[in-house]
Amino acid sequence: MDKPKVVLGVSGGIAAYKACELLRRLTESGHDVRVVPTASALHFVGEATWSALSGHPAATEVWETVHEVPHVRIGQAADLVVVAPATADMLAKAAHGLADDLLTNTLLTARCPVVFAPAMHTEMWEHPATQENVATLRRRGAVVIEPAVGRLTGVDTGKGRLPDPEEIFEVCRRVLARGPQSGRDLAGRHVVISAGGTREPLDPVRFLGNRSSGKQGYALARTAVARGARVTLVSANTALPDPAGADVVRVGTAVQMREAVLKAAADADAVVMAAAVADFRPAEYASGKIKKKDGQEPAPVALVRNPDILAEVSADRARPGLLVVGFAAETDDVLANGRAKLRRKGCDLLVVNEVGETKTFGSEENEAVILGSDGAEVSVPHGPKEDLADLLWDLVAPRLA
Ligand code: CTP
């Protein structure tokens, strides 16, 4: 089988050096990559690097090897075009259909999925001109990954960093896996996903927690970005890298998670509660470390109920048409408990999976049944958590108002 053909467009920003890492990930995982840098990109990383790493010459202008008509052929042959970093100038050119070099010509001739990974200073990203260009590109079906927040060139920090190359690679992999016909069916949608497990502190060094790794929630975030959604990921106590394109809000406790989810849900189209939220928290928090006392049994730990975020979001829908999805972790009577929980929580879809000490928690794979309040019942065979995530979005997308 032919290797999937990827065009890596590189525009002129300091983050061009990170595109070398993306290029390596793509070639090492069996993709045939043509790099098309802009003239300004070559100020940051030279042609020799791009051609050596890709195994192809890296042309910038349409005037090289003209007899091969590269300005048309490269785009036509591609299975995926990814532009990383995409500067404000590149986004403007792409949105307006300008074609004054090889990359912009390639963008006009490509009929495959296109992913832009913008990187620029916060002011440029937030400027209405850039935001309108991004909205135009998204409306036309391109995946524009939200920049990450963090240190920018120089001393300033803010939104505008190129996400981790490994995470951009994951977006490319998911977009390619969905194939040329798969629409970006979550484009224009805002989805809120909770992930991980809450920790309820007893004292400054101890907490009540659970074994959730957050992998299923992160897989949901990655797949939603690849399908074009704006993603808010409310993450509790995970040790996973931020998925490219997701706005990550870190929380610790159930109460903090409730606040973050309700805030993000205000303008959301869907809320997916994949997090393992502690049902109870210690009634009292000891501000100093609890000490053992010689000859005395420990005092029992009194617990109080935590808010049920899923039930609350389901009951008070922030917007008419807001779709709410819950997860149920069950150890026995999986289906019967799942059906009862779907009714009790009042959500639209419930992903029911069987958990145990060796099942699901922390693993890369999952197996589940998705139940719908409309009677739907879809079995998800054992497989990667990303497959379950995509299947869930397949059910969510047509149900969105
Ligand atoms: N959930 C929530 N807030 C809580 C507890 C759970 O939002 N305080 C959400 C979880 O994110 C998940 C769903 O509710 O989407 C189911 O959680 P689970 O712990 O399996 O169910 P419980 O309601 O705790 O029911 P039980 O303890 O009886 O199994």
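Glu377 is partly exposed, because its relative accessible area is 44%, and the term covers values between buried, under 20%, and exposed, over 50%, with a 1.4 Å probe and protein chains only. This is a predicted model, in which local features need pLDDT of at least 70, side-chain atom pairs count only at pLDDT 80 or more, and totals for chains, interfaces and linings use all residues. Residues are numbered from 1 along each chain as its sequence is written, and side-chain values use heavy atoms, with hydrogens and water left out.

Glu377 lies in strand β19, which covers residues 377-384; strands (E, at least two residues) and helices (H or I, at least four) are DSSP runs numbered from the N terminus. Setting aside residues up to four places away in sequence, Glu377 touches Leu335, Arg339, Val369, Ile370 and Leu371, where contact means heavy atoms within 4.5 Å. With Arg339 there is also a side-chain to side-chain polar contact at 2.6 Å, that is, a pair of N or O atoms within 3.5 Å, of which, within protein, one must be able to donate a hydrogen and the other to accept it, while residues adjacent in sequence count only if both atoms are side-chain atoms.

Turning to a pair of helices, the axes of α5 (residues 88-96) and α6 (residues 102-109) come within 10 Å and cross at roughly 40 degrees, these axes being lines fitted to C-alpha atoms over the stretch in contact, with angles from 0 to 180 degrees between N-to-C directions. The two helices are therefore oblique to each other, since angles under 35 degrees count as roughly parallel, over 145 as roughly antiparallel, 65 to 115 as roughly perpendicular and the rest as oblique. In this contact, Met90, Lys93 and Ala94 of α5 meet Leu103, Thr104 and Leu107 of α6.
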